[in-house]
Amino acid sequence: MSQTTQEKNVFPKEMKRDRYQMVIGGQMTDALSGETFKVYNPATGAVLAEVPKAGKEDVDRAVKAAREAFDNGKWRRYPVGKRARVLNKIASIMRSRFNELVELEVLNSGKTVAAAQGQVMQAIEDFEFYAGAIVTHSGTVNNMPGPFFNYTQKEPIGVCGQIIPWNYPMMMAAWKIAPAIATGNSVVLKPASLTPLTAIILTEICHEAGVPDGVVNVITGPGAAIGSYLVTHEGVDKVAFTGETSTGKDIMAKASETLKRVTLELGGKSPNLVFPDADLDGAVDGSLFGIFYNTGQSCEARSRLFLHESIYDAFMEKFIAKTKKLKLGDPFAQETHVGAIISQSQLEKIHSYVEEAKKDGATVVTGGEAVQVPGFENGYWYAPTIITGVTNDMKIAQEEIFGPVVVVMTFKDEKEAVKLANDTKYGLAAAIWAKDNGLIKRVADGLRAGVVMVNSPFSAFPGTPFGGYKQSGFGRELGYETLNLYTETKSVLSYIGAKPLNPFNLQ
Ligand code: NAD
């Protein structure tokens, strides 16, 4: 039987719990079926907690609560400055509980504490960014012929179904919730089943900060069942999805039945181009971070490394040596570089790509196998892997692996570099390592990618629009323009002449 155990908006103090509940209409609740599923710590393989396994009836409840909050509630009618204050309050509660959020994120994802610290901080800054951005987001007054007056205003779209992946659980939840509620929408958030914990806590924090009941709801359960149902739900106006390209295609098809607004942040196979004049050490260190950060489980992972043939040997000597120095181990140790893989099945998927590459004639220079980490023997760990002898048409160079695996290829000149970089169905991110500003500009112009990094290991900060070209999806998150993707534009046209108009000229 279902249980709703919460006094309104009084959430347990402890973030670490044996059992979590969803939040629907401001109340903590189990699934109506009473079913639950287990959530694991990927670094140890141990069970971390149980969470409700929502069914369609729970999706109905969450959409109903979000609908009610949107249609009859006060949130979207608040003065924009008041919404901004609540967003800032969310950020300040998160700041005050920073270490607890980081700990929970590390436990549920197996990522390193250093990575989690950066990502939780970015989630906080995302709320702060949209608190600032929303107060300047407004419509226009447009030039009209004769005695007409036209203005536009930005209005929230309605109920947003938001579905997120497991690789950046806290950050993805913030990327979704912050711009959606800043603009006055209501949200039903479905986190990945492997990593729902920090999304649940963030929803609780939203309520604590003063977001009215029903504006942010979180449901937990299998994507194929409840995610898919959310996408087809008549009560949902917009779907914002981050995940695999194949899932995105399915979602886009389903959402078209009710003509929902859709934004898709999908996979990538991002090129990392190193030119002869690059600062070699900077390029090595940045390339290392570009692929092995977050254990390679990043949509923007620079997983195809293209080196100018003149620097191949010098670069590879340093790159291989430093890769071998990367430390796998206790995710809570600040000196650990590479955390765990999210699950056994992801580990197997990564390894099968490596095995297939070997069959295709590629060479594993280092790594290429699962590893046992002392003290974490039951966790899921894979050695940072470099593969050479690859051509860009091989499966290992074309498909997203989503693990600590980089393939290395060479190019002769600028033109070939751009051609190879673009020779993929994806277009999420790309990196350039060079000094010549003319070359950097030409290459950046030629790259078909939503995000281009120049001599930078980092791809985005709050304020940078983030999203893909081609089959990496469409729409942008994290930037100012994201506000447009959570709003409709209403055009109001008035006739302001002294004499009424009679356009049919009937007497
Ligand atoms: P996934 O597509 O398997 O799952 C993502 C989410 O969708 C999960 O919550 C899942 O439960 C749900 N889901 C699964 N099937 C569904 C369906 N049929 N209908 C509706 N929802 C469904 O992706 P993942 O393995 O969790 O995440 C990894 C992927 O996410 C990678 O491809 C990565 O590149 C991508 N990603 C992209 C970005 C970006 O900004 N472009 C950011 C992070 C991750």
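This report looks at the ligand and its surroundings in a predicted model.

## Where the ligand sits

Domain 1 (22–266 + 472–491) and domain 2 (271–454) both contribute residues to the shell around the ligand, so the ligand lies between them.

## Who is in the shell

The ligand is surrounded by 28 residues, and the closest are Ile164, Trp166, Thr247, Leu266 and Glu400.

Secondary structure gives another view of the shell. Helix 7 (223–232), strand 10 (238–242) and helix 8 (245–256) each provide at least two of its residues. Helix 7 supplies the largest share, with four residues.

## Polar contacts and cover

Two of them involve ligand oxygen: one oxygen atom is 2.7 Å from an N or O atom in the side chain of Thr247, and an oxygen atom of the ligand is 2.8 Å from a polar backbone atom of Ile164. Both Thr247 and Ile164 are also listed among the closest residues. On the nitrogen side, a nitrogen atom of the ligand has a polar side-chain atom of Asp250 at 3.1 Å.

As for cover, the ligand on its own has 840 Å² of accessible area, and the protein covers 90% of this.

Terms used. Residues are numbered from 1 along each chain as its sequence is written. This is a predicted model: local features need pLDDT of at least 70, side-chain atom pairs count only at pLDDT 80 or more; totals for chains, interfaces and linings use all residues. Side-chain values use heavy atoms; hydrogens and water are left out. A residue is near a molecule or strand if one of its heavy atoms lies within 4 Å of it. A polar contact is a pair of N or O atoms within 3.5 Å; within protein, one must be able to donate a hydrogen and the other to accept it, and residues adjacent in sequence count only if both atoms are side-chain atoms. Accessible areas come from the Shrake-Rupley method with a 1.4 Å probe; for residues, only the protein chains shown count as cover. Domain bounds come from an automatic or database domain assignment.
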